[in-house]
Amino acid sequence: MKKNKLHFLLFSIFLTTILSFNISAQTVSSLKGTVSDEHGGKVPGAQVTVRLEADLQLSTATDEAGLFVFKELKPGNYFLEVQADGFSNYSHDAIQLTRAENKELNITLEIASINESVVITATGTAQRLEDAAKTISVLDNQEIEARHEL
C-alpha cells in the first residue's frame, strides 16, 4: 500500500512538472526580423531595442545577415527602435504580441542626411582706424546737385 502511494505521488509530481512546462511554453511569444537599407542590402550590427510599456527593455544587435531575434517575450504592446551608423533612427510602436505568437518584421532603414554646421569665431586684436581700409567717392558738382534734387 505504501509503495502504491509513493508511485502515485511520484507520478503526480512528474505529471505536474510536464504540464507546467507545456503551459509556460504556450504563453511566451517571439519577435524576429530583418534590417535592410533602402536598396535591399542587409544591415549588420544595427542596435535593436524592444520595450514593453516601460516594464521591460531588451536589446540585441543584428547579425551579418541583418537578422535579430527576441525569444520568450510575454504578451503585450511593444515599442521597437533600431539604430545603425549612417542611417536614420527607426521606431515602430504598438507591436502587439498575443500568447504564443511568433511575429516577423522586415525593417527598412533610410540613409541619414548629412547635417553639418560651421562655427567661425574671430579672435585677435582690434584694428586701428588709420589701418582700416577706406572707400573714397569723388563727386563733381552735377552729381551733388542731382542728389540734392532727390
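This is a short walk through one protein chain, from its overall layout down to two residues.

Please keep in mind that the model is predicted. The protein has 2 helices and 7 strands.

Some totals next. The protein has 150 residues, and buried ones make up 20% of them. The accessible surface is about 12,000 Å², and carbon and sulfur atoms account for 54% of that surface. As for contacts, take those between residues at least 6 apart in sequence: 55% of them join residues at least 24 apart.

Now the sheet. An open sheet of 4 strands runs in the order β3-β2-β5-β6, and the pairing is antiparallel. Which strands stand at the edges? They are β3, residues 56-61, and β6; each has a single partner strand, so one side of each has no neighbour in the sheet. On average, neighbouring strands here are turned by 20 degrees against each other, direction ignored.

Within that sheet, look at β2 and β5. These two strands pair in the antiparallel sense over 6 bridges. Glutamine 47 stands opposite glutamine 83 in β5.

Strand β2 also holds threonine 49. Is threonine 49 buried or exposed? Its relative accessibility is 10%, and the cut-off for buried is under 20%, so threonine 49 counts as buried. Its side chain makes a polar contact with the side chain of serine 59, at 3.0 Å. Leaving out residues up to four places away in sequence, threonine 49 touches Gln57, Leu58, Ser59, Phe79, Leu80 and Glu81.

On to the nonpolar core. In soluble globular proteins, nonpolar side chains tend to be buried together. Here the largest nonpolar core has 20 residues. Those touching the most other members are Leu31, Val35, Leu80, Val82, Ile107 and Leu109. Which elements give two or more residues to this core? They are β1 (29-37), β2 (47-52), β4 (67-73), β5 (76-83), β6 (90-97) and β7 (102-109).

Setting aside neighbours within four places in sequence, leucine 109 is in contact with Val35, Ser36, Asp37, Glu38, Val43, Val82, Ala84, Phe87, Ser88 and Tyr90.

Notes: Residues numbered from 1 in each chain as written. Predicted model: local features only at pLDDT ≥ 70, side-chain atom pairs only at ≥ 80, totals over all residues. Heavy atoms only, no water. Buried < 20%, exposed > 50% of the residue type's maximum accessible area, 1.4 Å probe, protein only. Contact = heavy atoms within 4.5 Å. Areas by Shrake-Rupley, 256 points an atom, 1.4 Å probe, with all protein chains shown as cover. Core = buried A, V, L, I, M, F, W, Y, C linked by side-chain atoms within 4.5 Å. Polar contact = N/O pair within 3.5 Å; in protein donor to acceptor, adjacent residues only side chain to side chain. Pairing = 2+ DSSP bridges. Axes fitted to C-alpha atoms, helices over the stretch in contact; angles between N-to-C directions.
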